[in-house]
Amino acid sequence: MRKDVRILLVGEPKVGKTSLIMSLVSEEFPEVVPYRAEEITIPADVTPERVPTHIVDYSEAEQTDEQLFQEISKANVICIVYSVNNKKSIEKVTSHWIPLIIENTDKDNRVPLILVGNKSDLVDYSSMETILPIMNQYSEIETCVECSAKNLKNISELFYYAQKAVLHPTGPLYCPEKKDMKPLCVKALTRIFKVSDLDNDGILNDNELNFFQRTCFNTPLESQALEDVKNVVRKNLTDGVCDNGLTLKGFLFLHTLFIQRGRHETTWTVLRRFGYDDDLELNQDYLFPPLKIPPDCTTELNHNAYLFLQSVFDKHDKDRDCALSPEELSDLFDVFPYMPWGPDVNNTVCTNDQGWITYQGYLSQWTLTTYLDVQRCLEYLGYLGYSIIAEQESQAAGITVTRDKKIDLQKKQTQRSVFRCNVFGDVGSGKSGFLQAFLGANLMRQNMIREEHRSYYAISTTYVYGQEKYLLLHEVFPDFDYLSDADLACDIVCLVYDVSNPYSFEYCAKVFKQYFMDSKIPCMMIAAKSDLPEIKQLYGCSPLEFCRRHKMPPPQSFTCNTADAPSRDIYTKLTTMAMYPHVSQVDLKSSTFWLKASVGASVFAVLGFAMYRVLLKPR
């Protein structure tokens, strides 16, 4: 909504422009009227819409044409004043004033006009019969008000309508020629309907309508009022009400009715509550609320945000198979202006046998977006209506900013749930296979991935000592001479070499020595393709000896060339090292240390899946 309103009064001399302004301010008719009133500002607390209002007078005797054109360009609404007892002043409305204003305003941003018939106290008839054809001819005209500066008739109403024309304009909402809402308005209200349809059954039931009413107008509808609204729709539309709930057609019809009856403010209140600006675009302040992220801190979704996203998943998982089919996913993102997830997402998170994103994969992708690009996450939550449905001040309320990693190291504990592992390795070392194996894909399944659908990220959950954590794997492009800050910023480093390639280990050794040898980031060496015959690495020492010298755990054998899904043990180890970077290398080599972590992982993975099955049963 605008922060202030600027009203300009124009018209022929002696029609009473200045008198109208002075009567409004003093609440009495002035005995002496100057050529022109000084610009006045009405404070927000005394205007109906709580917005400061500037009222500007025009005098042909005191101002030049250039000054008039400047005032027209600055005005938010223009009142063209005529005298009801002066036929010539009425004729000038169409012959002079409207063409002049149109000529001096932007074609794509027409300023609303109010026709003001002053001196109604001097006649016993109305000018509306003459004015109505003019109103029908020019869509810029919002309304016409007949008033009297002398006896104060309709003075307050005049300026209220002028203010309303700016704050609740008809132009963006409605096309008078077609007697229907404009496409952008229909699109915005359709999104609002879908966000408000909490069970996604295509109708707004009484509970959903009451929640909508409370959200937009801070008051519920009485049951009789609710029935009255539905009865109005029933009388006018055969398919506006279904199963005693309001359909999308019925919802749109109601708003068309509000606009046609001059209650634009009702529709505008709804649109603005759901984040729309005067151009019916989602407001940048709504999509991107302020969120301060200090250095060395990361961003995660909090419990309330996960609950909201789970409800969105449940709402669109029509067949209750714990996965989103392409149609279900498309339906979920129908409230977005574009499709946010491309085909690479199916190779970034867990999918089912049909390649559809599972419940766990869905939450993982949201977790990834929040971690890598929190502004994009805020935008997405905005499209879904998080702040409205979750009744929060903004999407920022769904984000947790973790504490500085240095504090975690000092306290030797962390409250974070997402850990980043950057995966390094030479070309052909098996990095991509390592990422896909984390998602349960063996080599045969990996070979079916199209090159253009490849992902350089993989994210899923692991369990460490009974705690569910997200591990985010990022495959770093093997350009040794150029590694960005993002390539180096992580919680753990994974160095992958191919046991069957004698030159593969050298790249890992170089990366470690140049970038990580003196850092506090834990590192793990992965001996990939361990199903193939191992060939001696052409380097100064063996990988095992290299790890021993640099106090790293011994190389971990890994293969994704398996009949079933590859083992996940290595990923639990990586997460554990990322969670406890302070743990000594002696402890890391201890089989008891890993046994505790992996047993916890197995038990809680089974329990976690069982619990989700229990949660699904009532759905």
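**The open sheet**

Tutor: The model is a predicted one. Strand E19 covers residues 492-498 and strand E20 covers residues 523-528. The two run parallel, joined by six bridges.

Now widen the view. E19 and E20 belong to an open sheet of six strands. The order is E17-E18-E16-E19-E20-E21, and the pairing is mixed. Strands of a sheet pair through backbone hydrogen bonds, and the pairing can be parallel or antiparallel. Strand E17 (457-464) and strand E21 (556-558) are the edge strands. Each of them pairs on one side only. From one strand to the next, the twist averages 30°.

Then look at the helix. Helix H21, residues 504-516, lies across strand E16 (418-425), E19 and E20. H21 runs at about 160° to E19.

Take Phe-308 and Tyr-386: their ring centres are 5.1 Å apart and their planes lie at 80°, so the pair is edge-to-face. Phe-308 sits in helix H12 (residues 303-316) and Tyr-386 in helix H16 (residues 386-389). The pair links distant parts of the chain, 78 residues apart. Phe-308 is buried, with a relative accessible area of 6%. Tyr-386 is also buried, at 0% relative accessibility.

Terms used: Residues numbered from 1 in each chain as written. Predicted model: local features only at pLDDT ≥ 70, side-chain atom pairs only at ≥ 80, totals over all residues. Heavy atoms only, no water. Phe/Tyr/Trp six-rings, centres within 6.5 Å; stacked < 30°, edge-to-face > 60°. Helix = DSSP H or I, 4+ residues; strand = E, 2+ residues; numbered from the N terminus. Buried < 20%, exposed > 50% of the residue type's maximum accessible area, 1.4 Å probe, protein only. Pairing = 2+ DSSP bridges. Axes fitted to C-alpha atoms, helices over the stretch in contact; angles between N-to-C directions. Contact = heavy atoms within 4.5 Å.
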